[in-house]
Amino acid sequence: MVPDLSWIVLPDLLPAAFTAAARAVEATGARTLWTYDHLSWRDMRDGPWFGAVPLLAAAAAVTDRVRLGTQVASPNFRHPVPFAKEVVTLDHVSGGRFELGIGRGGEGADATVLGGEPWPARERTERFEEWTRLLVTMLEQQVTTHRGRWWSAVDARTVPGCVQRPRVPVTVAAAGPRGMRLAAAVADSWITYGDVRDTGRGFLDAVTAQNRALDEVVAAAGRTRPLRRTAQVDLLDRAPFTSPTAYADLLAALGEAGFDEVSLHWPREDGRGVPRAALDAVLAAHS
């Protein structure tokens, strides 16, 4: 099985450039266009950086087929109540093409920008679990009241609900067993980038091991419906693109390991992501 292709377009592009990239991504036949949902990110934090939700809405207006998603939204700065309203709106704007990618969030600027201290790892995980379950509930029903330890909703409305039923597809980013259990319980798909400290063969080994671990978690949970799997190649990993054979070999190995989709970074002016010289070879491998 050859995994589907998806592309990540970072939100550091001006809106006109982002929508142009969205049209180009759709022309490749890719399944999904993802963008990062951060307020700022790493070494790009002092440059242009736009909001994921309005950029995806703009992309929806200039595309017809490609699915559009966040990779990934987190509790760092998003409350489930207003975010559920934005998700429902995006699903309608896109005509039912929205994919909700979520994760527990990191400990960088997004975790402190609102003035609080970063949450300890255990608390971060607990907050994410409650945040996810409340968000999913709100997307599946039109009126929700929940008073939890970390998050609350009082008579919150999400009318008319999502175009996609019972809600938009949810993708959980998780590398540890607790996050994998959450994915097995509530998600439609799962995404991993392995270990960013590894590239090349290390990336393949890491994501394959994580996928096997997820198999065990899914089996233990008694889940019977499929859980879609996506492997994300890091923005700085050039090893898969050194030759057409290198990428074709990686793609074949990911398919053999049980991945349904591979997520790559769209070629960038700063040279990061898929090299422009390798774009034709990448597309040929998926044809």
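The paragraphs below take up a strand, its partners, a helix and some aromatic rings.

This is a predicted model, in which local features need pLDDT of at least 70 and side-chain atom pairs count only at pLDDT 80 or more, while totals for chains, interfaces and linings use all residues. Residues are numbered from 1 along each chain as its sequence is written, and side-chain values use heavy atoms, with hydrogens and water left out.

Strand β10 covers residues 261-265, and because 5 of its 5 residues are buried, the strand is largely enclosed by the rest of the structure. Here buried means under 20% relative accessible area, exposed means over 50%, and partly exposed lies in between, for a 1.4 Å probe and protein chains only. Helices (H or I, at least four residues) and strands (E, at least two) are DSSP runs numbered from the N terminus. In a regular strand the side chains alternate between the two faces of the sheet. In β10 both faces are covered, with E261, S263 and H265 buried on one side and V262 and L264 buried on the other.

Two strands count as paired if DSSP finds at least two bridges between them. Strand β1 (residues 4-8) runs parallel to β10 and is joined to it by 5 bridges, with S263 as the bridge partner of S6. Strand β9 (residues 228-232) is also parallel to β10, through 3 bridges, and here T230 has E261 as its bridge partner. From β9 the chain crosses through helix α8 (residues 244-257) to β10 in a right-handed β-α-β crossover, meaning that, with the strands pointing away from the viewer, the path from the first strand over the helix to the second runs clockwise.

The buried residues of helix α8 are Y247, L250, L251, L254 and G255. They cover an arc of only 135° around the axis, which puts them on the same side of α8; the arc is that of the directions from the helix axis to the C-beta atoms. T245 and E256, on the other side of α8, are exposed. Just after this helix, G258 takes a positive phi of about 105°.

The structure also holds 7 aromatic pairs, where rings of Phe, Tyr and Trp (its six-membered ring) pair if their centres lie within 6.5 Å, and planes under 30 degrees apart count as stacked, over 60 as edge-to-face and the rest as tilted. The rings of W7 and W266 have centres 4.9 Å apart and planes at 90°, so this pair is edge-to-face. W7 lies in strand β1 and W266 in the loop between β10 and α9 (279-285), 259 residues apart.
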